[in-house]
Amino acid sequence: MTAVAPAPARRTLRNPRAMARWGVVLALVALILFGWARYDNFLSEYNILSFLRYNSMFALIALGMCFVIITGGIDLSVGGVAALGSVVAAYASGYGLAAGVAAGTGAGLLAGLINGLVVTRLKIAPFIATLAMMLAAYGTALLLAGNQSVSVSWDTAFITFGQNDFLGFPIPAWVMLAAFVIGWVVLEHRPIGRRILAVGGSEDASRLMGLSVETILTGVYMASGALAGLAGVILAAQFGAGQPTEGVGWELFAIASVVVGGTLLTGGVGSVAATFAGAMLLALLFNVLNFENGKGWISLSAYWQSVIRGAFLLLFVLIQARIATGEEDD
Amino acid sequence: MALVAMHGIRKAFNAVPALVDASLEIEPGEVMALVGQNGAGKSTMIKILTGAYRRDEGTLTFDGRPVDFPNPGAAQDAGISTIYQEINLVPHRSVAENVFLGREPTRLGFIDWRRMNREAEAALARFNVSVDVQAPLSTFNAATRQMVAIARAVSRKARLVVMDESTSSLDEREVATLFDTIRTLKRDGVSVLFVSHRLDELYAVCDRVTIMRDGATIGVHPMSAITKMDLVTAMLGRALAAAEHRLHDAPPHKAGAPIVEAAGLARGRRLRDVDLAVHSGEVVALAGLLGSGRTETARVLFGADRPEAGSLKLDGRDVAFGEPSEAIEAGFGFLSEDRKIEGIIPDMSVAENLTLALMPRLAKAGVIDRAAQREVVNRFIRRLGIKLASPDQKIRELSGGNQQKVLLARWLAMNPRLLIVDEPTRGIDVGAKADVLTMIRELAGAGLGVVMVSSELEEIISLADRVTVLSDGRSVRDLHAGEIDETSIMAAMASDVPTTGAPHG
């Protein structure tokens, strides 16, 4: 039996998912060039660094979401978990930087563990399980915070985690880059990464092949929770307060980043690098709209910006879907 | 001492017993056949042995020790490798990843891709399969995927390899390669549990046979001491004899006017030049090796793919189906090869599955007429002898044979003029097989045109009025009644096969 064996180079070109991934990179580059050509300070050090500092939170959440979506699940709780993480971190910040980071991330990890157990042991659909966790996390955050924002300790080094630079680069951006590099290595080069992809591709087959599906799924939700908690830590450190009402809509940003990166919502296929590009693309769109407002030609309210982002997202996913089906007809 | 000893096994699903008193013993280095009708409990038995199900009662010892595998991983670690009936691999992942999933070779904790790809290639080379192991599994056909599953199981250095219907998607050469492997395993002292509906295969490769019926083990015999007839009789009782009788008693057909005439159909590399005609009341079999273009022809006929060249005539008029819905409109039905993926909706009821295509006709002002639906469902359940607890049962709870009958009923309810059936008896037991074939024969007798794609010569010979033989994407011969026998079909199939490389993949 001889099977069709296209040359490796051609395979990439013929693979619609790979094309979608290149699409997001191309769009990102195009948007950067557009901004550079149109706005004076677009590529200024200040804009780049503050962009990375602020958007590192969203990118971290998108990374966790990428893993969850690869398994065929979804994590709607990330916004609430980030809010909870920021409150817990703010309270713990008095004990020092490490305590604040560990407490906020740990709160997220715990929420993720519960998500994972509810999904795997109680067999509740991820959509419902994490929706419940979103409500629970916001509720817990508000209870802990007494319905107001919680100031972080200014006596410890905690705020440096959000506000300082390291080697001329914002610390949150370093954290984000480290997380993505680790995420990429895990997914592409560690056995567990291939198993996560396998579980997403076919849970039944994976189970019959001897994989511990429940453990893998629980681990993925824990990772997503921990990353959301970490995003909450950055939120608290950056703005000096734990914010129990922040994070609304973050899950949608994360899902959009993952989808724009060509990851299948049905699971089994996904890319960490493309998710990064997707998160940067969506964030940059906001940045560009801000600059456009600054030019004074038009004045778009935040609401209009949201509409434009929605339309852009739809358009992008539509184009990707066209590319994918066009290829499959081949 | 037996490697595997299972005794007094009981298992029930939702209080419906699947196994009542099943036993199985396999000696080291022995190839044991496990046979029985669908629903006899073979698959359940295997899944208990391999840790996919937990037994309710009974004892299981492996290598002399009582064991209770909590999950398939535990059974694999103990040395039991399984190739399941439905190919259980991950389509999006590469061939190499599928072979090594769960035990990837690593260096310093990182996957050693080069070693993994090299070893996957070597594992497949044992079966004369040469593929790009880095390509996603989904880019390969069922036979290749099956070989990947086999390579995965065998490369684990297991003490027992379980093969549940592993040959159902393989062609004869691949089966021969598999048998060689089984003999090698046997020589190395590895035991094999072999499940197949093809009796010839059992005689070719097995030492002993365990026969199951209605959830119980009813006999264990050396293969050399039991005749085929006795084996079948033990499996089915007298059911088969009656079914065979019906099949041969069917009145000789009278072909009517042509329904479809296709000439020069071509699409891609798989379908190069196929002529085909089907008259009403006629069963036309498409014969050929795997990859010879049989399924591709069927898909083009049904409008699932567009031909790149060639003409298609319906009732003498040129027609081009853009989509299956247009073919359905014209009175075509298509029973696909892959029940699980393209046919059934597992979590919907039998009644809903059966009337899925019929829904628009059952609706009155947009509302499904439940009484009419029930009437249709009951009629076909009776007519096809579908065995079920209730029409509201989920279809996934039915045996493969009964699922196939429901799918057949789905199309029959549409009152089609032409029915295309792709491997109608794949993975279903001998009894249900006879039922399905008899049904097809009767339908043709009532004026339906049937195109049957089949790998089983026996099936073709017993059923077809005419055989169109395909080879390498071309129709190479048309055999008419009187010329249809094993020799002539095989000769035609082999007529155009290149000697180097294979025509399919």
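Helices here are DSSP runs of H or I with at least four residues, and strands are E runs of at least two, numbered from the N terminus. This is a predicted model, in which local features need pLDDT of at least 70 and side-chain atom pairs count only at pLDDT 80 or more, while totals for chains, interfaces and linings use all residues. Residues are numbered from 1 along each chain as its sequence is written, and side-chain values use heavy atoms, leaving out hydrogens and water.

**The nonpolar patch**
- W22(A), V25(A), V29(A), I32(A), L33(A), W36(A), L43(A) and I48(A) together make a patch of about 750 Å².
- Patch residues have over 30% relative accessible area and no salt bridge, with nonpolar side chains (Val, Leu, Ile, Met, Phe, Trp, Tyr) joined within 5 Å and like charges within 9 Å.
- A salt bridge puts a side-chain nitrogen of Lys or Arg within 4 Å of a carboxyl oxygen of Asp or Glu.
- W22(A) sits in helix α2 of chain A, and W22(A) is exposed at 54% relative accessible area (exposed is over 50%, buried under 20%, partly exposed in between; 1.4 Å probe, protein chains only).

**Confidence in chain A**
- The average pLDDT (the predictor's confidence in each residue, from 0 to 100) is 87 for chain A, and 90% of the residues score at least 70.
- Over residues 1-14 of chain A, pLDDT stays under 50.

**Chain B**
- Chain B has 19 helices and 24 strands.
- Of the 505 residues in chain B, 55% are buried.

Technical notes
Chains are lettered from A and ligands numbered from 1 in the order in which they are written. Accessible areas come from the Shrake-Rupley method with a 1.4 Å probe; for residues, only the protein chains shown count as cover. Contact means heavy atoms within 4.5 Å.
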